[in-house]
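Hello,

Here is the structure I promised to pass on. Please open it and keep it in view while you read my notes below.

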Amino acid sequence: MFNAKRFIDETIEKLRDEIDGKALIAFSGGVDSTVCAALVNKAIGDDLIAVHVDTGYMRKNESENVRKTMYEMGLNHRFIDAHKEFYAALRYVHDPEMKRRIIGEKFIRIFEEVAEEEDASYLVQGTIAPDWIESGGGLRDTIKSHHNVGGLPKDIRLRIIEPLRDLYKDEVRKLAKELKLSVNERQPFPGPGLAIRIIGEATEEKVEIIREACFIVEDEIDKAVVNGEMSKPWQYFAVLLPVQSVGVHGDRRVYGYTVAVRAVDSIDAMTCNYTHIPHSVLERISTRITNTLKDKVNRVVYDVTNKPPGTVEWE
Amino acid sequence: MGVEGYISVMTRILVVDNGGQWTHREWRTLRDLNVDAAIIPNTTPYQRIMEEGVDGLVLSGGAPRIGLDGDLGNCNEYLEKASFPILGICAGHQYMARYYGGLVKPSKTPEYGKVELLVVEPDSPLFKGVPSRSIVWESHNDEVVVLPDDFMLLAESVNCKVQAMQHKTRPLYGLQFHPEVEHTEYGEVIFKNFIEMCR
């Protein structure tokens, strides 16, 4: 069985040998990067600088929460607001793989700039097994290029260190628990963020829509979990579809977008069941999304696909 | 007894990587069951495997159609020379069938995700403790349509006749479904049975 304590001790030891000087960590505030930061911090202390990039594709209040986590953990940190750059880079981009590659490269270029300012030559990433497995290479087909693996440009000037490479999320959660980190229960939120929850071009206008829709799905499900109406899914969010349909709002015709509700149960994201959300909860989600987003969204659908054949995120 | 002595009594099973999405998951399941497990490329010479010492092999699944034609790295050499147990999964299973004279074709109805498995040979050591009906998860475009002469059928599903097979005299097993994923109900039991045979 996976032994969290032993893994922590051995990894800290290895990191001390491996890192000579300063290192950056790509810090999204999720379980993987937070656990990784804690491990590297134990190994090299203040020589580690946590870098959080606000891509503009973050969830509601995300970057604020991340800032808080970095303070609480006592990490040396940098906070980079790059939303304008990311929006510009993704203009007119529709293809999901293209989006992921552009985002991956943008992240690296930003880290390279920070590394130069900080005189760091290592980049630590919270990459876990499904990231490199799905990114493909060699005999393995590319399912999707995870921004931190398949999305990396070839000419990187930093040495990449990935202490969690062979682990799955449930094992990383065990580490979080052992390290007494409060992020333990957070649901996964992939690096490309809301950009891959908008099918087609991820415009600023659509980001606003999907951010609100994701917030509503999370909020309603969190409440339902607290009320004992359902158990907490592995991951739960909204996807904005480019499909428009006819609706009627207060005796007037509307022609808005469609939001898909997606929730899955899993332990490692390698296989997933779609979550059987009670209809009463789905109804609250649907009503709140359409009332809040008014003429922008007038239809909500529920994704009932397992993985395989689907993947968790739509892109 | 020192650390070295401890390692030497652990069962060593190698996972031959044919490029599957769940190759690493197979490694993890074995490791979780306290097996000394490692992933090796399917181009590893048999000689090297023997030098390192091994008690059993798992032939992983692989990218679409890899079991249909052509070679699967050095899997042919492993099947020809090995005296230890081998478990083929998905493309590994299809290749095993083809190597022994069976036939693999694109599935009329491919299976992705949840499927009900029906065990037809409950006495097989691989299915010890697995009920006659259980849930397994699948992900395949092709399947074994003609069982090789030296093999017998162990399990089937509504859409796929050859879900599991076993060589009549040698410890060779093939599974179309994936025992390594979380959602396969008795996956761990099947792995434990395989490990038992490797001891």
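This is a predicted model: local features need pLDDT of at least 70, side-chain atom pairs count only at pLDDT 80 or more; totals for chains, interfaces and linings use all residues.

Start with strand E1 (residues 22–26) of chain A and strand E4 (residues 120–124) of chain A. Four bridges join them, and the two strands run parallel.

Now widen the view to the whole sheet. Five strands of chain A form it, and it is open. The order is E3-E2-E1-E4-E5, with parallel pairing. Which strands stand at the edges? They are E3 (76–81) and E5 (159–161) of chain A. Each has a single partner strand, so one side of each is left without a neighbour in the sheet. From one strand to the next, the twist averages 30°.

A helix packs on this sheet: H5 (residues 96–118) of chain A. H5 touches E1, E2 (48–54), E3 and E4 of chain A. The direction of H5 makes about 150° with that of E1(A).

Next, a pair of helices. Two packed helices are described by the angle between their axes and the distance between the axes. Take H1 (residues 4–18) and H7 (residues 169–178), both of chain A. Their axes come within 9 Å and cross at roughly 80°. That makes H1(A) roughly perpendicular to H7(A).

Which residues meet there? From H1(A), they are A:Ala4, A:Lys5, A:Phe7 and A:Ile8. From H7(A), they are A:Lys174, A:Leu175 and A:Glu178. By class, this contact has four nonpolar, three charged and no polar residues.

Best wishes

Terms used:
Residues are numbered from 1 along each chain as its sequence is written. Chains are lettered from A and ligands numbered from 1 in the order in which they are written. Two strands pair if DSSP finds at least two bridges between them. Axes are lines fitted to C-alpha atoms, for helices over the stretch in contact, and angles run from 0 to 180 degrees between N-to-C directions. Two residues are in contact if their C-beta atoms, placed from the backbone, lie within 7 Å. Angles under 35 degrees count as roughly parallel, over 145 as roughly antiparallel, 65 to 115 as roughly perpendicular and the rest as oblique. Ala, Val, Leu, Ile, Met, Phe, Trp, Tyr, Cys and Pro count as nonpolar, Asp, Glu, Lys and Arg as charged, and the others, Gly among them, as polar.
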